[in-house]
Amino acid sequence: MAILFLFYSLFCFSFLSQSFSSSSVHHLCSPDEASALLHFKQSFSYPDDDGYSCANTSPFPKRTSWNESRDCCSWDGVTCDLLTGHVISLDLSCSQLGGSIHPNSSLFQLHHLQTLHLSLNHFTGHIPDFIGNLTQLRELDFSGNYFTGHIPDFIGSLTQLRELDFGYNHFTGHIPNSIGNLTQLRELDLSYNSLGGNIPDVFSNLQELVVLDLSRNSFSGPFPSSILSLGHLDTLDLSSNNITSINESTTTFPSLTTVILSSCELKDFPHFLRNVKTLELLDLSNNKIHGPIPNWFSGMRWDSLWYLNLSHNSLTGHLQHFHYYNLRYLDLKFNFLQGQLPSSICNMSKLEFLDLSRNYFSESVPYCLGSMTKLLILDLRMNNFSGSLPPFCTQSTSLTTIVLNGNRFEGPVHVSLHNCVGLEVLDMGNNAINDTFPAWLGDLLELQVLILKSNKFHGPISTRKKFCFPRLRIFDLSHNEFSGSLPAEVFLNFKAMMKNGTDKGDFRYMTVSNLSFVTYKDSVRLVIKGNEVQLERISTIMTTIDLSSNHFEGVIPKTLKDLGSLWQLNLSHNNLIRDIPMELGQLNTLETLDLSWNRLTGKIPQELTRLTFLEKLNLSQNLLDGPIPQGPQFNTFSNDSYGGNLGLCGPPLSKECRTSDPSHVPQPLESDEEDDSYFASGFTWESVVIGYSCGLVVGTVMWSLMFKARKPKWLVEFLEGAFPKKMRRAQKRRLRRQT
């Protein structure tokens, strides 16, 4: 029995093995389509990444799994019909594919394709007409490539299309009239191309259209009336075109939530908005809209509206009361609005971002503004506000950015600021504030930017035993009446300015409710998740100390040497005395040094030639003597850097040194001793602040706001001028030297 059982077991094992082997070689995908896919893969180059970034995706996740030993229906990016085995979906987005699609490409042998996604690759050239043979296509996404030429007329033969995305390419010419044949189309995205001419009036047949994005092109002329007949429209983005006018419309838009008409040539508020009840986001910024805000607009009751941007227009008159009680983002900067700010603005209790900068608002600020419980960003710069500073953070500690620069505020700094424990940016420059230095602001452990310049501050700057400011990176007290000496230990508290400090300089200065920040190179991206929008930016800001144009006395403390990440130091227009400390040569990231208009004596330390990133040097109008040091950077400075020092000699000055003084040999820089002396300081030129201004935080926020479902697009150029050109050049030089 045992022998019989053994033979029976071997027989069963052999049968099952053969059955398994037979089933394992059976592929659902047809050999012809598998071969076509492999030929399609092999027809392209694989260029190195040049900046595209695909969230949660490795650079080569799909095509690496394609090989003949596996069923092509199991390959990454390939989906088959489970009944017929035909390939019905091909998704090779963000797969590092390059080159052009050949007219005889094997791709066109996949006649059953319903979905074709080739976005975020490096495809070039024209789109072959043969794609028009893929008549079963329902989704076609070629966005984020380098395709050129015209959008071909064959597109009109793909009558089953629901989604068409040709955004972020280099298409030219006009929109073909055949687009009007795509009666099933729900999403059309042709944004970020070079299309021009009038937008054809062919949309009346596209009654299923939900998303229409033609932004960032060169369209001109009037707004097509056929677009205003699309009753199912949810998102409309025609921003950054030359659209001049929009006709009246009687169409009701029961589901329109997003309207972006920024950076056009509009002169009036679009009247079709009267027929919209479900609006959530409206951007009319950077147009030529003039005159007061019409009553019908301010009287609209858009209960779902959370984002409103009317900035960069020519709006006049007084700010009326809005009925948008769920508004979270309000941007009215760069207009001609005037008069007193109505206290009713505080009724928008969910407001998180408020930018009223660069208008003509006057009189005092409503006290309720500082007690809004959700407010994070407040920018009132460059207006005519007067009176005392309002109290801040009386009912909430949410404020992260307060910018009051360029008004006529007076009186002392309100002690309520001590409650703003999350404050990162405080700019009160260019006012008439009269107070001593508010050293208690050092208790705000998140504070990174403090600008008090051009006011009436007076007295010494250190009146407390504990001088904190652990995360401070911009410290600007210039053009005030500060006096006395600054203890050397003050600089030892600026931990964020120290090269090995715990603060790496990642400066997050905007977080709006469910909106969060993420970096994409040097720009900001806007991410849409469902109906949530995320505005993100993290930027490494420069470190600056600006104490110019005050009445400081004493010597320059040697403890400045510890601020190893300092970019700019300006102590000009004060009463500093004695030698320039040779320890300043230890500030090896310094790009600007201004010690002009003081009473400094002695020789220019040879150690300063070690400052290989130094771009601007001003030692003029002092009492310095001896030869000017020669070195890589010093050889680039002109006479202006040394003017008024009658004792200096040698190049670049025409005065020759009469005696051959022995060359000064740089001494080892000591780092273990602190100077107990006090110093005085000041600054002649404006420190360049990167990221402190919340008006530039969002700037001309929305290039393109809506994407295909579940696939948000990157927004770049969100902050124009985030880094001045001069700084960018300096950064390039820094990188070259480091390599």
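Q: Quick one to start: is Cys368 buried, partly exposed or exposed, and why?
A: Cys368 counts as partly exposed because its relative accessibility is 25%. Buried means under 20% relative accessible area, exposed is over 50%, and partly exposed is in between (1.4 Å probe, protein chains only). This is a predicted model, where local features need pLDDT of at least 70, side-chain atom pairs count only at pLDDT 80 or more, and totals for chains, interfaces and linings use all residues. Residues are numbered from 1 along each chain as its sequence is written, and side-chain values use heavy atoms, with hydrogens and water left out.

Q: OK, which cysteine forms a disulfide with Cys368?
A: Cys346, with the two sulfur atoms 1.9 Å apart. A disulfide here is a pair of cysteine sulfur atoms within 2.5 Å. The torsion about the S-S bond of Cys346 and Cys368 is about 75°, so this disulfide is right-handed.

Q: And where do Cys346 and Cys368 lie?
A: Cys346 is in the loop between strand 22 (338-340) and strand 23 (353-355), and Cys368 is in the loop between strand 24 (360-363) and strand 25 (377-379), so the pair ties together parts that are 22 residues apart in sequence. Strands (E, at least two residues) are DSSP runs, numbered from the N terminus.

Q: How many disulfides does the count come to?
A: The count comes to 5. Among them is Cys73 with Cys80, sulfurs 2.1 Å apart. Both Cys73 and Cys80 are buried, and the torsion about their S-S bond is about -95°, so that disulfide is left-handed.

Q: What about Cys649 and Cys657, how far apart are their sulfur atoms?
A: They are 2.0 Å apart in a disulfide, and with 100° about the S-S bond the link of Cys649 and Cys657 is right-handed. Cys649 is buried at 9% relative accessible area, while Cys657 is partly exposed at 32%.

Q: Switching to charges: how many salt bridges are there?
A: The count is 6 salt bridges, each a side-chain nitrogen of Lys or Arg within 4 Å of a carboxyl oxygen of Asp or Glu. One of them joins Glu265 and Lys288 (2.9 Å, N to O). Glu265 is in the loop between strand 16 (258-260) and strand 17 (281-283), and Lys288 in the loop between strand 17 and strand 18 (290-292), 23 residues apart.

Q: And Asp379, which residue does its side chain meet in a salt bridge?
A: Arg381, at 2.6 Å, N to O. Asp379 is buried with a relative accessible area of 0%, and Arg381 counts as buried at 8%.

Conventions. Helices (H or I, at least four residues) and strands (E, at least two) are DSSP runs, numbered from the N terminus.
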